[in-house]
Amino acid sequence: MITTLHVAMVAELFPTGISHYAIGGLLVGLGVAVIYLGTAIPAGASTFLESTLSYVSDRSRFQQYRASRDWRVVFTLGIVAGAAVYALTFQSGFVSSSLHQPATTGELREVGGLTIWLTEVQPWRLFLGGILVGIGTRLGKGCTSGHGVCGVGSASSASFVGVATFLLVAIGVAQLVQAVGVNP
Amino acid sequence: MTAEHEQHPLFLPLVFVGGLIFGFGLGFSHMAQPEIVLNFLQFEDFGLLFVMFGAAVVTGITVFGIKRVRSEAPLTGAVYTRRLKQLDRNVILGGGIFGVGWGLSGICPGAAYASLGIGNVVILYGIAGMFVGAYLQGYWRSAGEESGTSPTAAD
């Protein structure tokens, strides 16, 4: 009885299962760990936005990242390529595992024998949200990887506060957007 | 200024491999799908917690564990330190603005780059927005620095 209840609760909280989330999270951490072990750099994803702007703008805010801008481009290209490897294997069905969960959202589309995934979230939400993400992550000294993974992993109090702030605000905003009927 | 990657021939390859694993993980965990992030924020699927805290635990073990073994990184000679930022008003203000954007769109920087990798070209609206936002705050704050405010590093 208790076991049944427990299973039902897990199914409700995690309707698509847990394994792909847990494995993906371990891999994200492993990617950060590989770079950290070799270089002592805790790599976050959002500095790329400003460091890349240093190629085209002389402003001091961007130029301060000049020394790291090349490897940050390489890191970002690695992220894009790693996700593309996922798309070429699991997403396209050439590799399968019981630990993997096929996409249940958006649109899967066949393109030349491969399967790409497309979001159905409206472009205005992505663009407007993106602007606020760009301002907020840079002003707030980190994003979900800088604060959420590297900072929390470093037991940084600034990161705990940052994560708590953006998580709570995002939950409120997402629920509000859903309540006023914007979907998807 | 010397670019950091000039320090060792394996520096850039290692960063690429790290990014590759990171991006594959974001694809496999469906964090590259804004809908899944929105499902978490709307309390429909709590899987994101496993991703973020799973990654943080692996990072934590690495950051605190390596210091017991050696003090300097092989490719840079840099001392292993924790990622610590000064807790000030900007962390809360910026975190709040990021939260509004994240809640509206379901995208954050790393997941957006990964989303492009799984073929989601529509995410370019989001990535373009992020560059516009990063530029706007840099424009405002570079102007502020000329009137005496000091810069702070962030990632």
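The following questions and answers concern chain A of a predicted model and the contact of chain A with chain B.

Q: What pattern of helices and strands does chain A follow along the sequence?
A: The secondary structure of chain A comprises eight helices and two strands. Taken in sequence order, these elements give the pattern α-α-α-α-α-β-β-α-α-α.

Q: Which residue in the turn of the hairpin of strand 1 and strand 2 of chain A has a positive phi?
A: Strand 1 (residues 107-111) of chain A runs antiparallel to strand 2 of chain A, and five bridges join them. Among the paired residues, Arg109(A) has Ile116(A) in strand 2 as its bridge partner. Two residues lie between the strands of this hairpin, and the turn residue with a positive phi, of about 55 degrees, is Gly112(A).

Q: What percentage of the residues of chain A count as buried?
A: The C-alpha trace of chain A spans about 60 × 40 × 40 Å along its principal axes. A residue is buried if 20 or more other C-beta atoms lie within 10 Å of its own. Of the 184 residues of chain A, the share that counts as buried is 52%.

Q: How far apart do the C-alpha centres of domain 1 and domain 2 of chain A lie?
A: The domain assignment divides chain A into domain 1 (1-119) and domain 2 (121-184). The C-alpha centres of these two domains of chain A are separated by 16 Å.

Q: Which helix of chain A gives the largest share of the side of domain 1 that touches domain 2?
A: In chain A, ten residues of domain 1 are in contact with eleven residues of domain 2. On the domain 1 side, helix 2 and helix 3 of chain A each supply at least two residues. That side divides into five nonpolar, four polar and one charged residue. The largest share, three residues, comes from helix 2 of chain A.

Q: Which element of chain A gives the most residues to the side that touches chain B?
A: The contact between the chains takes 121 residues from chain A and 115 residues from chain B. Elements giving two or more residues to the chain A side include helix 5 (69-91), strand 2 (114-118) and helix 8 (157-179) of chain A. The element that gives the most, with 20 residues, is helix 2 of chain A.

Q: How many residues on the side of chain A that touches chain B are nonpolar?
A: Chain A contributes 121 residues to the contact with chain B. By residue class, this side of chain A holds nine charged residues and 44 polar ones, while the number of nonpolar residues is 68.

Methods
Residues numbered from 1 in each chain as written. Chains lettered and ligands numbered in written order. Predicted model: local features only at pLDDT ≥ 70, side-chain atom pairs only at ≥ 80, totals over all residues. Contact = placed C-beta atoms within 7 Å. Helix = DSSP H or I, 4+ residues; strand = E, 2+ residues; numbered from the N terminus. Nonpolar A, V, L, I, M, F, W, Y, C, P; charged D, E, K, R; others polar. Domains from an automatic or database assignment. Buried ≥ 20, exposed ≤ 12 C-beta atoms within 10 Å, placed from the backbone. Pairing = 2+ DSSP bridges.
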